[in-house]
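These are my notebook entries on one structure, set down in the order in which I looked things up.

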Amino acid sequence: MNRILASRTRVPKTALSWFTSFNLSRSAHSLPFATVEPEEISGSLPAEVHNIVKGKWTKSSTWNTIVDPLNGEPFIKVAEIDETGIQPFVESLSNCPKHGLHNPFKSPERYLKYGDISAKAATMLSLPKVADFFTRLIQRVAPKSYQQAYGEVYVTQKFLENFSGDQVRFLARSFTVPGNHLGQQSNGYRWPYGPVAVVTPFNFPLEIPVLQLMGALYMGNKPILKVDSKVSLVMDQMMRLLHYCGLPVEDVDFINSDGKTMNKLLLKANPRMTLFTGSSRVAEKLVADLKGRVKLEDAGFDWKILGPDVHEEDYVAWVCDQDAYACSGQKCSAQSILFMHENWSKTSLLSKMKDLAERRKLEDLTVGPVLTLTTETMLDHANKLLQIPGSKLLFGGKPLEDHSIPPVYGAIKPTAIYVPLEEMLKENNYELVTREIFGPFQVVTEYKKDQLPLVLDALERMNAHLTAAVVSNNPYFQQEVLGNTVNGTTYAGLRARTTGAPQNHWFGPAGDPLGAGIGTPEAIKLVWSCHREIIYDVGPMPKHWELPPST
């Protein structure tokens, strides 16, 4: 990269000094922004997570102790704000005007500033030592394989790279329409909301909060960020990196609290828009409490349909395994149900999926703790499904063995249960079968060549419409399924998947006016800005204008 820069243009002195200071800092410290070392975090050396409000890092009188999800040892202390401590955050958010920190008519230089911040942060995350730091930190708080954790860092780095330079101001691109007479024209602008909130879950502790937070900032908003306390250490460190890269400390408030306290803060501060990623239950409460001023990326009971054309059996089995069980199934895009055409039933697909699932092991975190459900809850759900006539256990269905995962978390082997399609569609079974289990768990069913309408009926009755996959290269089959479904991020073709969304395409639900997207210019503009029309009408006045009669 340095060679490319040098060959095309002279590097600004400010950039040189910034890179030089980083390199010098590395010789004296592990990383210039970091306050922890992932491998050293333990009960005897716990990490601390702080808050940011009004441009200052702060602690709290209340500490929430987080246990290591792999051994139960207390290893992180989170300075959580209770209901008596929210006033400074309310004041900070309330001090931001509705027209934001910048907009096309106010402080436009900040668009450029955020392009520079993104460029520096992208460069930092591209450094192997920094990427490895965040990858290992993610593994400590949300155990997943190194490759899966690194995938978060990679997508985040590419996103920041995408919005470097002039790309931030391009997000605010306006348009003009000629008026009815000389001196009149209408102009459409992307306008910030001003004070906003970002609330994100545990399963992607870096990617989701960074992409949504930066999108909010690019458009001129002042956000308050809350991340699930179990994993907020990652964003504590990322905020320090962003400050190191030039992010004004006062531009973002960062709070650690329980859900009840955050709900009270939102009600009192009344942000103009709140982005929530998480469970449907909390999402529905926020919609009511905040009078609809929300964007949501909530639950996803995500489906995959294998079409009648059978090709590349090994590859399709591998993708099914990745979609269902990577990150122990703790992705909102994870494959929850597989509709398998009868042609696939005649192959060894299921036995290959079983073999792939059984090679996952705790040692390399290709399977690991489930942070929102207990072992008992997941196995109880499995047993209820097995009571449906014709259902059977394909593989899994047992607890993980020889581990020290605390009982507050879940630990089961990758599981698949077959349920007959006709039984699934029955009124007393449908809700049970389509319940999202946020763990290494999927339902498998089969349909015959004349039963595609039943499959489409099953999909029509679902409430969550996030990701989906149509695994077929048959264009007529694709058209039939795509034309009768709604999922916002749908992959089609032999290589179709439900997970693994990169930064180069929209990711989000469809069919819901409150649905949020992430990662692309369209998503950022939809979620973090609104449309404002300004009509100029400056004259000149028509010659010999006279006062017209009243109308």
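Entry 1, a strand residue. I began with Val443, which lies in strand β17. The model is predicted, so I noted the limits at once: local features need pLDDT of at least 70, side-chain atom pairs count only at pLDDT 80 or more, and totals for chains, interfaces and linings use all residues. Residues are numbered from 1 along each chain as its sequence is written, and side-chain values use heavy atoms, with hydrogens and water left out.

Is Val443 buried or exposed? Val443 counts as buried because its relative accessibility is 2%; buried means under 20% relative accessible area, exposed over 50%, and partly exposed in between, with a 1.4 Å probe and protein chains only. I then listed its contacts (heavy atoms within 4.5 Å). Leaving aside residues up to four places away in sequence, Val443 touches Ser336, Ile337, Leu338, Leu385, Ile417, Val419 and Val433. I also checked Ile305: its C-alpha atom is separated from that of Val443 by 12 Å, and the two residues are 138 apart along the chain.

Entry 2, the sheet. I traced an open sheet of 7 strands with mixed pairing, in the order β15-β16-β17-β14-β13-β18-β19; two strands pair if DSSP finds at least two bridges between them. The edges are β15 (392-395) and β19 (489-492), each with a single partner strand, so one side of each has no neighbour in the sheet. On average, neighbouring strands here are turned by 20° against each other, direction ignored. I found β15 joined to β16 (residues 415-418) by 3 bridges, the two running antiparallel, and Phe395 standing opposite Ala416 in β16.

Helix α19 (residues 475-482) lies across β13, β17, β18 and β19 and runs at about 155° to β18.

I looked for nonpolar cores, that is, sets of buried Ala, Val, Leu, Ile, Met, Phe, Trp, Tyr and Cys residues joined through side-chain atoms within 4.5 Å. The largest has 104 residues, and Ile76, Phe134 and Met214 are among those with the most contacts inside it. Helix α8 (residues 207-218) gives the most to this core, with 8 residues. A second, separate core of 34 residues includes Trp303, Leu379, Met424 and Tyr447.

Which peptide bond is cis? I recorded the bond from Gly539 to Pro540, with omega near 15°; Pro540 is placed in the segment after β20 (530-537). Asn270 has a positive phi of about 55° although it is not a glycine, and is found in the loop between α10 and β11. Asn270 is partly exposed, with a relative accessible area of 35%. Leu365, also not a glycine, has a positive phi near 60° and lies in the loop between α14 and α15. At 11% relative accessibility, Leu365 counts as buried.

Terms used: Helix = DSSP H or I, 4+ residues; strand = E, 2+ residues; numbered from the N terminus. Axes fitted to C-alpha atoms, helices over the stretch in contact; angles between N-to-C directions.
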